[in-house]
Amino acid sequence: MQTLSVVIPVYNEAKTLESTLARVRASDIGTLRKEIILVDDGSKDDTSSVIREKMREFPGRVRGEFHPVNKGIEGG
């Protein structure tokens with residue numbers, strides 16, 4: 001079975017991550033298997049905890065990558 005990997009970068013998204021993840025999980029992609037990769041870019045809120053919770057809830061379907069510090073472009 002082919003897999004579609006959906007990469008979602010997140011930064012301080014603890015309040016919105018669950019609803020975003022639910023919408024992505026609910027999207028119809030036909031017969032493809034869906035893998036969701038959440039990349040926490042050094043969040044200062046509970047984003048990493050939410051990601052870890054979703055990894056436990058959906059093993060093999062949700063993965064997390066965690067940057068210890070924000071690696072985004074400064075200033076915009």
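Start by selecting Thr47, then show what surrounds it: leaving out residues up to four places away in sequence, Thr47 touches Val10, Asn12, Glu13, Ala14, Leu17 and Asp40. Keep in mind as you click around that this is a predicted model.

**Stop 1**

Thr47 belongs to helix α2, which covers residues 47–57. Is Thr47 buried or exposed? Its relative accessibility is 0%, so Thr47 counts as buried.

Now hop over to Asn12, one of the residues that Thr47 touches. You'll find Asn12 in the loop between β1 and α1. Asn12 counts as partly exposed because its relative accessibility is 31%. Check the backbone here too: Asn12 isn't a glycine, yet it has a positive phi of about 55°.

**Stop 2: zoom out to the whole chain**

Switch to a cartoon view. How many helices and strands does the protein chain have? There are two helices and three strands. Trace the chain along its sequence and you'll go through the pattern β-α-β-α-β.

Along the principal axes, the C-alpha atoms fill a box of roughly 40 × 25 × 20 Å. The chain has 76 residues, and 29% of them count as buried.

Take the contacts with a separation of 6 or more: 77% of them are between residues 24 or more positions apart.

**Stop 3: the nonpolar core**

Select Ile8, Val10, Leu17, Leu21, Val24, Ile36, Leu38, Val50, Ile51, Phe58 and Val62, and show their side chains. These eleven residues make up the largest nonpolar core. Colour by element and you'll see that β1 (3–10), α1 (17–26), β2 (33–41) and α2 each give two or more residues to this core. Which element gives the most? That's α1, with three residues. As a bit of background, nonpolar side chains tend to be buried together in soluble globular proteins.

Not counting residues up to four places away in sequence, Leu38 touches Ile8, Leu17, Ile51, Val62, Arg63, Gly64 and Glu65.

**Stop 4**

Show just helix α1 and look down its axis. Leu17, Leu21 and Val24 are buried here. Why do they sit on the same side of α1? They cover an arc of only 65° around the axis, and that puts them on the same side. The general idea is that an α-helix has 3.6 residues a turn, so residues three or four places apart point the same way.

Bring the rest of the chain back. The buried residues of α1 pack against β1, β2, α2 and β3 (62–67).

**Stop 5: charged pairs**

Side chains of opposite charge can pair when their charged atoms come close. How many salt bridges does this structure hold? It holds five, and we'll visit some of them.

Go back to α2 and select Lys54 with Glu57. Their side chains meet in a salt bridge, at 2.9 Å from N to O. Lys54 and Glu57 are three residues apart in helix α2, so about one helical turn separates them. Lys54 is buried, with a relative accessible area of 4%, while Glu57 counts as partly exposed at 43% relative accessibility.

Glu53 is partly exposed, with a relative accessible area of 37%.

For the last pair, select Arg63 and Glu65. They form a salt bridge whose closest N and O atoms are 3.6 Å apart. Both count as partly exposed: Glu65 has 37% relative accessibility, and Arg63 has 36%. To finish, select Glu18, Glu53, Lys54 and Glu57 together, as salt bridges that share partners join these four into one network.

Notes. Residues are numbered from 1 along each chain as its sequence is written. This is a predicted model: local features need pLDDT of at least 70, side-chain atom pairs count only at pLDDT 80 or more; totals for chains, interfaces and linings use all residues. Side-chain values use heavy atoms; hydrogens and water are left out. Helices (H or I, at least four residues) and strands (E, at least two) are DSSP runs, numbered from the N terminus. Buried means under 20% relative accessible area, exposed over 50%, partly exposed in between (1.4 Å probe, protein chains only). Contact means heavy atoms within 4.5 Å. A nonpolar core is a set of buried Ala, Val, Leu, Ile, Met, Phe, Trp, Tyr and Cys residues joined through side-chain atoms within 4.5 Å. The arc is that of the directions from the helix axis to the C-beta atoms.
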